[in-house]
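Welcome, and thanks for taking a look at this one. Here is a short briefing to read alongside the structure, grouped by topic.

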Amino acid sequence: MSCSVEEPTMTVAEKRAKDRAVHVGFCCKCKTAKSTVTVRYAEYCETALRNARAYRVITPENVMLAFSGGPSSRALIHLFDVFHSLPPEVATNKKQPKIYNDIHVCHIDESCLLEPVQDVTSSGSTMEQARSIAGGYGYSFHGVAIEDIYDPEWTDSRCFEAVATLITSLPKDQLTTSGQAPELLSRIIPTSVTAASEEEAPKLSRQEKISKMRALLGACTTLTAKETVLQHFRSSLLIQLAKRGECTILALGDSATRVAIQIIELTAIGRGYSLPHETSLLSSWIQDCKVIRPLKDCLVKELDTFCRLNGLMLIERHHAQLDWTMKTKAEVKSIRRLTDEFITGLDKEFPSTVATVCRTAAKLTPPEATYDQKCPLCHGPVQDGVQEWKRRITVTTAPGKLETTTTSNSTEAKTTEISDGCCSSDAGGCCSSSSSSQRPSCTTPQTTTVSSTSTPFSSLLCYGCLTNLRDLNLKSMASQEDDVSSLSFELPPYVVETIVHRMGFASLDEFEHRSDGGVSASGTAVDPQESLRAQIQEFLIASDDEDE
Amino acid sequence: MPGATDIKPTKPLKNPCNLCQSVRAILKRPKTGQQLCKECFFHVFETEIHNTIVDNKLFNKGDRVAIGASGGKDSTVLAYVMKLLNDRYSYELDLVLLSIDEGITGYRDDSLETVKRNRDQYQIPLLIVSYKDLYGWSMDDIVKEIGRKNNCTFCGVFRRQALDRGAIMLNVDHIVTGHNADDIAETVLMNILRGDLPRLQRCTSIITNDTSEDSSGIETSKILRSKPFKYTYEKEIVMYAYFKKLDYFSTECIYSPNAYRGHARVFLKDLEAVRRTAIVDIIHSGEALSASVQANESTKLPTMANCTRCGYISSNELCKACLLLEGLNKGLPQLGIGHTTKIRRMHEASNLASGLSSPASLSSAVADGSAGEKVKVVTHIKDLGQLETMPTLDSMK
Ligand SMILES: [Zn+2]
Ligand SMILES: [Zn+2]
Ligand SMILES: [Zn+2]
Ligand SMILES: [Zn+2]
């Protein structure tokens, strides 16, 4: 490439600066001597090429560029353009065949979460700006609004007409006194109009979708939980966008800085298992859609500069702001924000921090897990036995109940088998029934009344989501004896779709038919009595918390 | 106001314990936020440690186990709980206390008094081994020599070996240490930040055993170390000690840890404040990441052999302790810190001549730290006076 020519009279310091510059993708000449924009392009091209090489394929694939409106993803679009209109000396290099076929750009409009006003006019919409930026490059544009996560269309089957509500296995009055973590179950609520008039099924209005999403975010008691759930929504929509654009590659604009922060954040929120997938240069976890992070070597500062130097237009307010959803001052810090400050601060003092952290994670091998067994909420890999792991290291049974749970492992295994009646199978979630079955609250009658309508939830989740949903306000959930109408928030269709698949049903129809039979249908179904296991009680305590 | 006045309260208690519902709650559990009574807190605290011990099969019946005891809260509670669980669940362990005297005036001498009281209170035998006896240098000596910077490097390296040597003297199979969940979570973060994959892989394992590949290694390699407090929150250890009125020494080591680790610690506390499960969540992540490393980087771990001078396990000819000692004794203490390549090269060059000091040999240490038949060779350029007190090459030769 044009930039790799070495300057003959470089000092050691200059050389080092150059090495570093090359590493992060900046043209050495731009740093040591002011040079032309074209030269800078070429160096960037090299970065793009270098990162692209890994996925060079015989048949060129379509790529979807995820564009949020911020500098990194803005730079991503520009770099892809530069890459496809290379300076002659690069473009004519026959050893670098065309990698991408069509380039598409997509954008998620989060304007409905910018401020508290429930304003559905598209005044704050970012969609048109994004569309025109993509249009400027001649790329096809695909947009979706974040609230469309509640649209049955934005699922794998493209028409999954059901939402779900969460219910707790314990009656509410017991929840408040025990401080215990109840098992969360889901109850699937079909949204299609009762079979008859399929032609004109009333579509959800935008306002309705926004309310549903706000209700879910409102049920999260911490900013961390809100941000994490929202991030899962974004990922789900991006994958859907890529698939709809018939792209087999989704390119994200994550910078090195972003990735380093993510690595620490994911670790802190218990997502170490999926971390390699969520931060790697190339992840093949998602079926039929590779995810790449071509800017993973560039610092965010440099991408900022790149945008500025090239006069690239950004979208001012593009990211959902959740501060307005906070009810107390204690909530304003999230794990993401803390991590952001931590890494940024540390990187000032120890400038290699970002690079080191990225390098660490780059050497990790993703876990071997089955995509079919993905977590309903984040679609990440799920580890076995996470609930049991939690239960063993955080005991939540009273001393009297001690004997059976703690005598020994083998005794406990037996107890579990005996205490059946409630355990439909060996589903991982059932193991704690030895303790729960002793609780007076868990009486057998409840089982029969609910089993036909309850579907598992906690037991299907990955560790990270299990942890995150501990920050759900239990008071906003129905318990088993309540009827569904008292629910206060719903899980979107894409989540329900995975729940149904994980239970072994091919479709919603199949699920409805079989569960009409009344018997607890599936092998993975969790006993509805499952309770008192993990510890979801923080917010309960928090409500009468003044004494700390 | 309804209160817990009657023996059989018919009215609901004000603020009842979340677990037993029958006694008023007096504390809020740091790990879960539950409001508990004292007895229920003791119960969950002890049971979790018991679960950790049982699930990880830490011990076999009849094991002789040394409790690394510093007199601080972690190890005091550890000694108390180990004895309690050993009795309650009939582990049938033969427990002993093992303390290291680093020779830090105003810190260790006082805390050792605490350990001695623990010995009497819990009726567990105690052995104290000192840096001075093992290495010829107390921490005070070292600080005098090198200043306050980096002395925790010495402290850490020396302590690790000293514990093993003490364990050999005590003829134990296993050392339990008071590392708690906060320590482990912090180490996970540190290792990611430092990019230390081999350590990231190992730091979450509850039992470590630095066995060398060849089984002909010295006894040290057979000694297991484990952390029964792996999932126990530091705050709960303090709480437990407080409510049990345990006698511990609360002053932190006066030679403080490095800045980088300090940042990680503050960050961890911030995380915990935002989400109280963050500590176990990080450990969970660390365990998952450890599996991800395995497939990939673990082969890069150096193969372990034994230190040619003292016999301790080491990936190099000289173990880190001997290397640090060589630096100290040559008056170039900084050389052993951080990048050790320089001093290793130095060491090779000087070809270690005749008699640099090294940790007292196992046999002589076991004997009595004897001042008997040592040959003193003066290699120290800066301070001849100090050299006089140094033990020297040992009977292993
Ligand atoms: Zn998940
Ligand atoms: Zn109680
Ligand atoms: Zn120290
Ligand atoms: Zn040695």
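**Where the two chains meet**

By the rule applied here, two salt bridges cross the interface of chain B and chain A. Please keep in mind that this is a predicted model.

**The interface**

- One salt bridge pairs R275(B) with D471(A), and their closest N and O atoms are 2.8 Å apart.
- In terms of contacts, 56 residues of chain B touch 65 residues of chain A.
- About 5100 Å² is buried between chain B and chain A, and carbon and sulfur atoms account for 60% of it.

**Parallel strands in chain B**

- Strand 4 of chain B, residues 94-101, is mostly covered, with six of its eight residues buried.
- On one pairing, strand 3 (residues 64-68) of chain B runs parallel to strand 4 of chain B, and five bridges join them.
- Within strand 4 of chain B, the residue opposite G68(B) is L98(B).
- To get from strand 3 to strand 4 of chain B, the chain passes through helix 2 (residues 73-88) of chain B, in a right-handed β-α-β crossover.
- Strand 4 of chain B also pairs with strand 5 (residues 126-130) of chain B, again in the parallel sense and over five bridges.
- Here L97(B) has L126(B), in strand 5 of chain B, as its bridge partner.
- The link from strand 4 to strand 5 of chain B goes through helix 3 (residues 108-122) of chain B, and this β-α-β crossover is right-handed too.

**The mixed sheet of chain A**

- Chain A holds an open sheet of six strands, ordered 3-2-1-6-8-7, in which the pairing is mixed.
- Its edges are strand 3 (140-145) and strand 7 (282-283) of chain A, each of which pairs on one side only.
- Strand 7 of chain A runs antiparallel to strand 8 (residues 290-292) of chain A, and two bridges join them.

**Helix 9 of chain A**

- Helix 9 of chain A is mostly covered, as 18 of its 22 residues are buried.
- After helix 9 of chain A comes E246(A), which has a positive phi, near 55°.

Conventions
Residues are numbered from 1 along each chain as its sequence is written. Chains are lettered from A and ligands numbered from 1 in the order in which they are written. This is a predicted model: local features need pLDDT of at least 70, side-chain atom pairs count only at pLDDT 80 or more; totals for chains, interfaces and linings use all residues. Side-chain values use heavy atoms; hydrogens and water are left out. Buried means under 20% relative accessible area, exposed over 50%, partly exposed in between (1.4 Å probe, protein chains only). Helices (H or I, at least four residues) and strands (E, at least two) are DSSP runs, numbered from the N terminus. Two strands pair if DSSP finds at least two bridges between them. A crossover is right-handed if, with the strands pointing away from the viewer, the path from the first strand over the helix to the second runs clockwise. Contact means heavy atoms within 4.5 Å. Buried area is the accessible area (1.4 Å probe) that two parts lose on being put together, summed over both. A salt bridge is a side-chain nitrogen of Lys or Arg within 4 Å of a carboxyl oxygen of Asp or Glu.
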